[in-house]
Amino acid sequence: MNIKKLILCCLILFSGIEAAHPVIFKGGKVVWLIDSPNVTDIRLGKTFTRNWYSGIRVVDHKSNDESFVASNNNILIKRWNNRHYQSNIYGLSSIGLNLNSKKSMYNLGLHADWETRRFMVMHMIDYASYDQSITHTARLAFTPKIASYKETAVWIIGEYSNHQIDSNNYENILPVIRLLKNNYLVEFGGNGNDTFFTFMVHF
Amino acid sequence: MNKYILGLVMLLASFAYGQDSTFNIKKNELVLEVNGMVCAMCAFGVQEGLSKLSFLDKKKFKADGVEVDLDSQMIYIPIDLSKKVDEFEAMQLVKDAGYDTIAIYTNYDSKGIKKKSVPKLAS
């Protein structure tokens, strides 16, 4: 695998792209699967208080036979609820181990979003210790039809990511389709170089 | 002339207010108006939380427990009047799900729709 492809893989792997809110409702549990030709990422977790999520994450890097296990802890720093929008700032962290090299690694991040029933804007910045990189991820999304609570919602998302490692920048733009129904979320993303599939359920 | 314009604005405002206050609250229902409920997957947390309410009438909406209306940002909670009704408990569960209750409406025993003041919750 060439270095560019590896880094693009790592963008999906370690930037911890948050398909939904990093902290959900008190007592809520989440199962989350992200799969791509190169990476399988499985997360299980629980929101223990309305401000704190904790979980585990197992990542299998198929193309170079490396696996990681990590503990995730996310906190809701601030939320603004308004009649027509919600806006949030989250702190993200994970600490884990490369199961092959036994080396430890950690991530620290900030995630901010603003959403209405029609539009969503998200920006995340993330530092990864394993390669001392900084990743910016931004998402702009809209839904052509505002769905009611029981209907399936379809969102069209444009995702931009920028991975800064040493003095190099690696950029990626990914169109994504998101389907939401009740407590289920499915996403498909692809741009010719990368593809991924996400499945998430809250319960 | 300004008086006419002012009168027209007040008339239109009264229509708008009237529309808000005429939403349908059925007998034995507690209705919470919440802020920030913009996404169905997130609102699922409210439904899950409120389905644990001690005074919920579980027969009305069956497995759903409560009815969520994202358009009006209202949550319709059927209540079992044989149990002690504590609106504060419902508000706390809404807060735990990440939202803020801004208005409480009740219609207990068909005594008519009442709008209640929202007590302040501990942060």
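Let's start with contacts in chain B: of those between residues at least 6 apart in sequence, 67% join residues at least 24 apart. Keep in mind, everyone, that this is a predicted model.

So how is chain B put together? Chain B has three helices and five strands, and if you follow the sequence, the order reads α-β-α-β-β-α-β-β. As for burial, 34% of the 123 residues in chain B are buried.

Now, on to two backbone details that I'd like you to look at with me. A quick reminder first: most residues other than glycine have a negative phi.

Please find A:Lys102 on your screens. A:Lys102 is not a glycine, yet its phi is positive, about 65°. Where is A:Lys102 found? Chain A places A:Lys102 in the loop between β5 (86-98) and β6 (104-115). And is A:Lys102 buried or exposed? A:Lys102 counts as exposed because 7 other C-beta atoms lie within 10 Å, and the cut-off for exposed is 12 or fewer.

The loop to look at is the one between α1 (2-21) and β1 (29-35) of chain B, where B:Asn28 is found. How many other C-beta atoms lie within 10 Å of B:Asn28? There are 18, so B:Asn28 is partly exposed; a buried residue would need 20 or more.

Notes:
Residues are numbered from 1 along each chain as its sequence is written. Chains are lettered from A and ligands numbered from 1 in the order in which they are written. This is a predicted model: local features need pLDDT of at least 70, side-chain atom pairs count only at pLDDT 80 or more; totals for chains, interfaces and linings use all residues. Helices (H or I, at least four residues) and strands (E, at least two) are DSSP runs, numbered from the N terminus. Two residues are in contact if their C-beta atoms, placed from the backbone, lie within 7 Å.
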